[in-house]
Amino acid sequence: MSSAAVAPDSGPWFSDRGLWTDFEEIIFNAGRVARAPADIDGVIRLSGVEPGARVLDLCCGPGRHSVELAKRGYKVTGVDLDPRYLEQARRTAEEHEVELELVHSDAREFVRPGEFDVAINLYSSFGYFETLADDRQVLGNIHTSLKPSGALVIETMGKETVARQVTPRSWYNTGNGNEVVLVENNIVGAYERVELKWTIIRDDGSRSEAVLNIRIYSAVEMASLLRDAGFNDISVYGDLLGRPYGDRATQLVPVARTV
């Protein structure tokens, strides 16, 4: 039996290309790809953005949301750190005969003053970095990149939803023969981060492992962070449908606007 551990020798966990390659079918499974139109319905409803507007998709991955927005007439810039995902986004855009601007950049570095009407950061792509200062930098860059009255929509895990939903260990079948995934969750510190260890066990007995470490915020903490970055008119929802951030919330979805 062979084993491949997807853990970078140096640098932060999210910079390891092997993670995003080996676990792509888990991260972007068919169900999540199929949900892209409904996700964008929610973004449009919560932000009020009109077709033709300029949209920043920060941490766009293989472009499922970017392409859906472009199909609806939005001018989209997708930014991601993984060049392989950006190439996939380019190919998907070509298949659907839409145009995307795709940029290889770190979210802490990408900024274009006053260019976008809306920015989105979906699917728990916030909180990857090591320090709070990094997260503030990302939000500050987004605020600078938005036009006056621009909107930001984030979809991520909240402390409240993690406390209610996360179990220490779970198994599920990937749908690829007898291949299974073990998911192990560990709360780090005083609910500062959640560590997720994924292990794929394949039919031939081989396996791959990855560890993700994501900073999590309560609704109050996230609103405070957004205000510190210059945002105002901040609302917090429990999902992209706009339901309340209450005891049935599945995600933390803040919507914030510039002056």
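Predicted model: local features only at pLDDT ≥ 70, side-chain atom pairs only at ≥ 80, totals over all residues.
I'll start with helix α4, where A36, D39, I40, G42, V43, L46 and S47 are buried. Viewed down the axis of α4, those buried residues fall within an arc of 155 degrees, so they line one face of the helix.

On geometry, α4 runs over residues 36–47, which is 12 residues, and at 1.5 Å a residue it should span 16 Å. Its end C-alpha atoms are 16 Å apart, which agrees. Just after α4, G48 takes a positive phi of about 75 degrees.

Next, the second largest pocket, with a volume of about 230 Å³. Of its 14 lining residues, V33, P62, G63, R64 and T92 are the closest to the centre. The elements giving two or more residues to this lining are α4, α5 and α6 (83–95). Which of them gives the most? That is α5, with 4 residues. By class, the lining has 6 nonpolar, 4 polar and 4 charged residues.

Is D135 buried or exposed? Its relative accessibility is 0%, so D135 counts as buried. Leaving out residues up to four places away in sequence, D135 touches F126, G127, F129, R215, Y217 and L225.

Definitions and conventions
Residues numbered from 1 in each chain as written. Heavy atoms only, no water. Buried < 20%, exposed > 50% of the residue type's maximum accessible area, 1.4 Å probe, protein only. Contact = heavy atoms within 4.5 Å. Expected span 1.5 Å × (residues − 1). Arc of directions from axis to C-beta. 1 Å grid on protein atoms, 1.4 Å probe; cavity = no way out; pocket = protein on both sides within 12 Å on 5 of 7 lines; lining within 4 Å. Points joined across faces, edges and corners; volume = space filled by probe spheres on them. Nonpolar A, V, L, I, M, F, W, Y, C, P; charged D, E, K, R; others polar.
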